[in-house]
Amino acid sequence: MANAQSIILHQFERSPFSEKIRLALRMKNLAWSAVEIPSIMPKPDLIPLTGGYRRTPVMQIGADIYCDTQLMLPELERRFQLPALDLPGHEGLAKMVGAWVDTKWFQTSVGVIFGEVGDKMPKEFIEDRTKMSGRPFDVDAMKAAAPILRDQWRTQLMWIEERLDGGRHAGTGDWLVGTKPGLIDVHAFMNPWFVEKNVPDFLERCFEDAPLTRSWYGRLKDFRGQAPEEISGQDAIDVAHSAAPRLKPASTAHDLRDFEPGERVAIAPDDYAKDWVEGDLVIANAERVIIARQDDRADNLHVHFPRVGYVLRRV
Ligand SMILES: N[C@@H](CCC(=O)N[C@@H](CS)C(=O)NCC(=O)O)C(=O)O
């Protein structure tokens, strides 16, 4: 049964951002617990943990809640060092690649996929995504744009091919950087996986011009890892309730906007699902913001957010 040390991933099977973390867990061969969450609101057993953040996935270890995959990967690297994914050559660059695959390439994938399967999506899903993004989830517009987005999607896949080809010519290995797979490979895997799940013929067609990427992708899929222990949302809340947030000295040293520890703040994504999470500031540095909050069901929590793509304000 999951305990205060367990890695708990609140996720759903078809979620590409969840798959990014699942791949890292498989590559690191870590034991983990999975809470299957709904892909649309409401998420009654997730919101008590995050305080309002609703995106997928959310990672929990005890009473520490990690929002956004940007933070989950470094946290896993820090806590579970071997086998390392932040290998020489990946440092810093992995985050830059992550920023591209999570935004530009992901948005291209969304257009390609929903241009194809949008008609089959339930009305509730379309309504949820319209509300979440603040603009119509317009399947007809996506359909019209799909041919252009398919071109753009393939071009981005060809960047992977170009890198693999460069490595092959230099004799430095079969992965994006060097002779072992690492964080950059994890990031680059997400969009091909998302497309394969939804429009496999299109991925296959792109692979015809990208044979190195095809075999690289296959090798990443070969990681077996460990099957998760399935637990309920209530189980996860119970884990949080009986744990305490990891002790960290409160600090806002070098903060550019003079936030002070203990200040009442709110934080939200700046792109979509802009739900504010309110709490008391514990840490604000260049990497992350940690806020302390209290929940009736989960008790004391520390909720962690990255800086890029998020807005922090005083309440
Ligand atoms: N920047 C976030 C993006 C996460 C994201 O957009 N996830 C999608 C699903 S894969 C989502 O939240 N969709 C709405 C939902 O699941 O409620 C991250 O890296 O974790």
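The model is predicted: local features need pLDDT of at least 70, side-chain atom pairs count only at pLDDT 80 or more, and totals for chains, interfaces and linings use all residues. Residues are numbered from 1 along each chain as its sequence is written. The protein chain has 10 helices and 10 strands; helices (H or I, at least four residues) and strands (E, at least two) are DSSP runs, numbered from the N terminus.

**Overall build**

- The radius of gyration of the protein chain is 20 Å, which agrees with the value near 20 Å that a compact globule of 315 residues would have. This radius is taken over C-alpha atoms, and the globule rule is 2.2 Å times the number of residues to the power 0.38.
- Along the principal axes, the C-alpha atoms of the protein chain fill a box of roughly 55 × 45 × 45 Å.
- Of the 315 residues, 39% count as buried. A residue is buried if 20 or more other C-beta atoms lie within 10 Å of its own, exposed if 12 or fewer, and partly exposed in between, with C-beta atoms placed from the backbone.
- Among contacts between residues at least 6 apart in sequence, 72% join residues at least 24 apart. Two residues are in contact if their C-beta atoms, placed from the backbone, lie within 7 Å.

**Two domains**

- The domain assignment gives domain 1 (8–83 + 228–314) and domain 2 (93–221); such bounds come from an automatic or database domain assignment.
- Taken over C-alpha atoms, the centres of domain 1 and domain 2 are 25 Å apart.
- The contact between them takes 14 residues from domain 1 and 17 residues from domain 2.
- On the side of domain 1 that touches domain 2, α1 and α3 each supply at least two residues, and α1 gives the most, with six residues.
- That side of domain 1 divides into 10 nonpolar, one polar and three charged residues. Here Ala, Val, Leu, Ile, Met, Phe, Trp, Tyr, Cys and Pro count as nonpolar, Asp, Glu, Lys and Arg as charged, and the others, Gly among them, as polar.

**Around the ligand**

- The residues around the ligand are Ser15, Pro16, Phe17, Ser39, Arg54, Arg55, Thr56, Asp68, Thr69, Gln70 and Asp102. A residue is near a molecule if its C-beta atom, placed from the backbone, lies within 6 Å of it.
- By class, this shell has two nonpolar, five polar and four charged residues.
- Helices α1 (16–27) and α3 (69–79) each supply at least two residues of the shell.

**Helix α8 and its surroundings**

- In α8 (residues 200–207), the buried residues are Leu203, Cys206 and Phe207. Seen down the helix axis, these buried residues fall within an arc of 100 degrees, so they line one face of α8; the arc is that of the directions from the helix axis to the C-beta atoms.
- An α-helix has 3.6 residues a turn, so residues three or four places apart point the same way.
- Asp201, Glu204 and Arg205 are exposed on the other side of α8.
- The cover over the buried residues of α8 includes α6, α7 (183–198) and α9 (211–221).
- Asp185 lies in helix α7 and counts as buried because it has 25 C-beta neighbours inside 10 Å.
- Leaving aside neighbours within four places in sequence, Asp185 is in contact with Trp175, Leu176 and Leu220. Asp185 and Leu220 are 35 residues apart in sequence and 8.1 Å apart in space, C-alpha to C-alpha.
- Ala170 lies in helix α6 (residues 139–170) and is exposed, with 9 C-beta neighbours inside 10 Å.

**Backbone details**

- The peptide bond from Met41 to Pro42 is cis, with omega near 5 degrees; Pro42 sits in the loop between β2 (33–36) and α2 (47–50).
- The bond from Thr56 to Pro57 is also cis, with omega near 0 degrees, and Pro57 belongs to the loop between α2 and β3 (58–61).
- Asn29 is not a glycine, yet has a positive phi of about 50 degrees. Asn29 is in the loop between α1 and β2 and counts as partly exposed, with 13 C-beta neighbours inside 10 Å.
- His254, not a glycine either, has a positive phi of about 65 degrees. His254 is in the loop between α10 (233–242) and β6 (264–269) and is exposed, with 8 other C-beta atoms within 10 Å.
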